[in-house]
Amino acid sequence: MKAIEIKDGIYWVGAIDWAVRDFHGYVTPNGTTYNNYLIMDDEITLVDTVKHDFAEIGLANVRSLVDFSKIRNLVVNHVENDHMGALGIFMDLMPQATIYTTGRGKQGMERFFDISRWNIKVVKTGDELNIGRYTLQFIETPMLHWPDSMMTYVKEARLLISQDAFGQHLATTARFDDEFIECASHAELEDSVIDYYANILMPFGRLIKSKIKQIQELGLEIDMIAPDHGIIWRKEPMRPLEMYLEMADGKASLRVAIIYDTMWHSTEIMTQPIMQGIKDEGVDCKVIKLRATPMSVAIKEFWKSRGILVGSPTLNNEVFPSVAEFITHLRGLRPSNRIAGAFGSYGWGGGAVKWLYNEFQNMKLDMMEPGIQIQYRPSDEDEKKCYDFGREFAKAVKEYHKNFE
Ligand code: FEO
């Protein structure tokens with residue numbers, strides 16, 4: 001897709017990745033984009049590059065507007081490969097350019113490239129670079145989501161180039177939120193923001209709140225936010241900030257996600273009366289089988305729900321491997337503000353349910369104990385117990401949810 005002017009003299013020059021479905025293990029059913037921006041000013045400035053595989057597209061978009069020999073500055077907001085992978089290719093064409101990045105950005109860069117031939121200037125929050133009619137202000141955002149991360153605010157354009165923050169994995173010809181809402185829906189857009197936050201930013205909620213507070217204290221006037229993935233926010237430029245603050249505060253629906261796997265269907269059978277009990281208590285419920293669901297989707301469903309019930313059969317006195325994998329992902333994301341419970345089945349010696357509660361405890365999740373486990377095949381009486389367990393868990397979730405209303 002060709003370059004698009006997003007503000008006077010400022011262009012999106014990125015690439016759309018329609019095909020990516022596995023983004024370092026994170027499933028991206030809707031593809032993604034690698035956004036970067038070219039500012040045509042007295043000092044022509046490029047903000048970020050693109051993923052290595054998309055270098056030719058990125059180069060062509062820049063060339064459609066300017067010869068590389070005329071580019072004076074390159075801002076590197078983030079050194080993850082999807083944005084910096086093509087840096088070497090770009091710099092071969094513009095060796096005269098000065099690179100602006102954070103201290104950690106420079107450290108990251110030298111692990112991938114021979115930077116001895118490049119002129120690199122390290123910037124800090126509040127540093128400014130006047131490039132003509134526009135002034136760039138840099139804002140470090142460490143751990144949002146890498147140590148090197150920063151944003152670039154184009155003062156006179158009221159444009160915040162926010163790198164990964166506020167992005168979404170959406171391959172679309174729509175470049176702006178209003179265009180996307182027109183061709184898809186508002187709900188789909190916001191769901192993509194939640195998906196991105198749940199799978200990448202969940203561990204950094206506290207940092208996100210303080211960083212957004214800092215941005216607010218800087219008094220930046222923002223009427224457009226341009227992230228490095230997905231659509232650009234111009235209709236509702238403050239909406240992604242509001243959503244991030246809500247999510248950092250633990251926003252979730254009064255809902256239970258039952259996330260499970262099964263060997264010979266016993267644990268699976270348990271999900272049905274549990275789900276019915278939850279429903280009869282007036283709480284919405286979603287049932288997710290792990291081996292039938294991409295991990296990132298399971299994580300998103302967890303994040304959208306105030307309560308989580310994890311179900312697992314016992315295998316060799318251990319939890320089922322796919323459930324262990326889910327818990328490993330979850331642990332790394334440091335979840336909070338959710339209440340958890342566990343259920344499962346076993347043959348001659350349990351272990352999975354106990355294992356799950358230990359994990360919940362290690363994650364410091366609030367819990368409803370005890371869970372429920374049944375031997376071999378659920379009997380009618382067992383199914384009644386599962387139903388009651390579902391009702392009790394739903395009651396606990398409703399009570400817990402009051403803390404967030
Ligand atoms: Fe889109 Fe952290 O890279």
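1. Basis of the note. This is a predicted model, in which local features need pLDDT of at least 70 and side-chain atom pairs count only at pLDDT 80 or more, while totals for chains, interfaces and linings use all residues. Residues are numbered from 1 along each chain as its sequence is written, and side-chain values use heavy atoms, with hydrogens and water left out.

2. The seven-stranded sheet. An open sheet with mixed pairing is formed by seven strands in the order β1-β2-β7-β8-β9-β10-β11. Its edge strands, β1 (4–7) and β11 (119–122), each pair on one side only. Direction ignored, neighbouring strands of this sheet are turned by 25 degrees against each other on average. Strands (E, at least two residues) and helices (H or I, at least four) are DSSP runs numbered from the N terminus, and two strands pair if DSSP finds at least two bridges between them.

3. Details within this sheet. Strands β7 (residues 37–39) and β8 (residues 44–47) pair in the antiparallel sense over three bridges. Within β8, T45 is the residue that stands opposite I39. Helix α4 (residues 103–112) lies across β10 (98–101) and β11, and runs at about 120 degrees to β10. Contact here means heavy atoms within 4.5 Å; axes are lines fitted to C-alpha atoms, for helices over the stretch in contact, with angles from 0 to 180 degrees between N-to-C directions.

4. The five-stranded sheet. Five strands make up an open sheet of mixed pairing, in the order β12-β13-β14-β15-β16. At the edges stand β12 (128–130) and β16 (224–227); each has a single partner strand, so one side of each is left without a neighbour in the sheet. From one strand to the next, the twist averages 20 degrees. Strands β14 (residues 150–154) and β15 (residues 159–163) run antiparallel and are joined by three bridges, with Y153 opposite L160 in β15.

5. Salt bridges, and the pair K7 and D223. The count comes to 28 salt bridges, each being a side-chain nitrogen of Lys or Arg within 4 Å of a carboxyl oxygen of Asp or Glu. In the salt bridge of K7 with D223, the closest N and O atoms are 2.6 Å apart. K7 lies in strand β1 and D223 in the loop between α7 (205–217) and β16, so the pair ties together parts that are 216 residues apart in sequence. K7 counts as buried at 18% relative accessibility, whereas D223 is partly exposed, at 30%. Buried means under 20% relative accessible area, exposed over 50%, and partly exposed in between (1.4 Å probe, protein chains only).

6. The pair E43 and R72. These residues form a salt bridge whose closest N and O atoms are 3.8 Å apart. E43 is in the loop between β7 and β8, and R72 is in strand β9 (residues 71–75), so that distant parts of the chain, 29 residues apart, are linked. E43 counts as buried at 18% relative accessibility; R72 is partly exposed at 45%.

7. R158 forms a salt bridge with E221, with 2.7 Å between the closest N and O atoms. R158 lies in the loop between β14 and β15 and E221 in the loop between α7 and β16, so the pair ties together parts 63 residues apart in sequence. R158 is partly exposed at 39%, and E221 counts as partly exposed at 43%. Elsewhere, salt bridges that share partners join E190, R239, E242, E246 and K251 into one network.
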